[in-house]
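Please read the points below with the sequence and the model open beside you. They are meant as a colleague's notes for a first reading, and each point takes up one topic.

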Amino acid sequence: MPLFRQGDNQCLFIHVPRTGGRYVTSLFDDPEQNIACAYHKLPDSRDKFIRGLVPMHLHYPLYNFYFPAAHIPHITVVRHPYEKFVSQVTEMTNRLDGDYHIQLGNLLTSPPKEDIFREFIIFEREVNSYHINWFLPQYKFLSPKTNIWKYEWGFGEKFVKWVFQKTNIQLRLRPVEYKRFYTGAPEGSTENKIKFPPQIKKWVKKYYNQDYKRLGYV
């Protein structure tokens, strides 16, 4: 869970998976602007687990307990639930995981069945992807004080102004390099993007209905 600091100004970045978090972290990590990126009170925390979860993807209220930063602003990025679902499943197809590919193959059977879709989500949430929290509803990451930016709004000048408004940290837009989750096609590329049957979009909206309602997606 990254903590960003510039002079006397700090903020905690709540990293919702598959919403551009590694890019945002790399954008903040800018020594030339005196912005430091640290993992609050957990040295080398990326390599440790907290209650079976990677610290960078902790949800609420766990991060409040393990990263005591209630006195500083919290910011996060959220994403349209269906686009997030497609993005994470597309990325995961590079896994060498037999159980995962069996589950995905079942999901893509024709005609698709809603019970198989729910089994896939439950398998990912509780077993295969539990440690990285990829399939946890996004609203479960949000505390009452979390400031929300939407992935669809982009990461240009408006994002920079929003960050300054919420945190008093002054970002600069610049090319950044960051480690992709998997090798293969660049993140965000439509190449190799999985094309799901139309029913899947309806079932994603049904399963993640609280994300649609609370985050204002349709």
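**Notes on the model**

1. Of the contacts in the protein between residues at least 6 apart in sequence, 74% join residues at least 24 apart, where contact means heavy atoms within 4.5 Å. This is a predicted model, in which local features need pLDDT of at least 70 and side-chain atom pairs count only at pLDDT 80 or more, while totals for chains, interfaces and linings use all residues. Residues are numbered from 1 along each chain as its sequence is written, and side-chain values use heavy atoms, with hydrogens and water left out.

2. The secondary structure comes to 8 helices and 5 strands, and along the sequence these follow the pattern β-β-α-β-α-β-α-α-α-β-α-α-α. Helices (H or I, at least four residues) and strands (E, at least two) are DSSP runs, numbered from the N terminus.

3. Of the 218 residues of the protein, 50% count as buried; here buried means under 20% relative accessible area, exposed means over 50%, and partly exposed lies in between, with a 1.4 Å probe and protein chains only. The accessible surface of the protein comes to about 11300 Å², and 52% of that surface belongs to carbon and sulfur atoms. Such areas come from the Shrake-Rupley method with a 1.4 Å probe, and for residues only the protein chains shown count as cover.

4. How many disulfides does a search of the whole structure find? The search finds 0, a disulfide being a pair of cysteine sulfur atoms within 2.5 Å. For Cys-11, the closest cysteine sulfur is that of Cys-37, and because the distance is 9.6 Å, the two are too far apart for a bond. Cys-11 is buried, at 0% relative accessibility, whereas Cys-37 is partly exposed, at 23%.

5. A search of the whole structure finds 4 salt bridges, each being a side-chain nitrogen of Lys or Arg within 4 Å of a carboxyl oxygen of Asp or Glu. In general, side chains of opposite charge can pair when their charged atoms come close. Arg-172 forms one of these bridges with Asp-30, and their closest N and O atoms are 2.6 Å apart. Arg-172 lies in the loop between α6 (157–167) and α7 (198–207), and Asp-30 lies in the loop between α1 (21–28) and β3 (35–39), so this pair ties together parts that are 142 residues apart in sequence. Arg-172 is partly exposed at 29% relative accessibility, while Asp-30, at 2%, is buried.

6. Arg-172 also forms a salt bridge with Glu-32, with the closest N and O atoms 3.0 Å apart. This pair again links distant parts of the chain, 140 residues apart, since Glu-32 is in the loop between α1 and β3. Glu-32 is exposed, with a relative accessible area of 69%.

7. A further salt bridge joins the side chains of Glu-114 and Lys-206 (3.0 Å, N to O). Glu-114 is in helix α5 (residues 114–128) and Lys-206 in helix α7, so the bridge ties together parts 92 residues apart in sequence. Glu-114 counts as partly exposed, at 26% relative accessibility. Salt bridges that share partners join Asp-30, Glu-32, Arg-172 and Arg-174 into one network.

8. Thr-146 lies in strand β5 (residues 146–150) and is buried, with a relative accessible area of 12%. Leaving aside neighbours within four places in sequence, Thr-146 is in contact with Ile-14, Tyr-63, His-74, Ile-75 and Thr-76.
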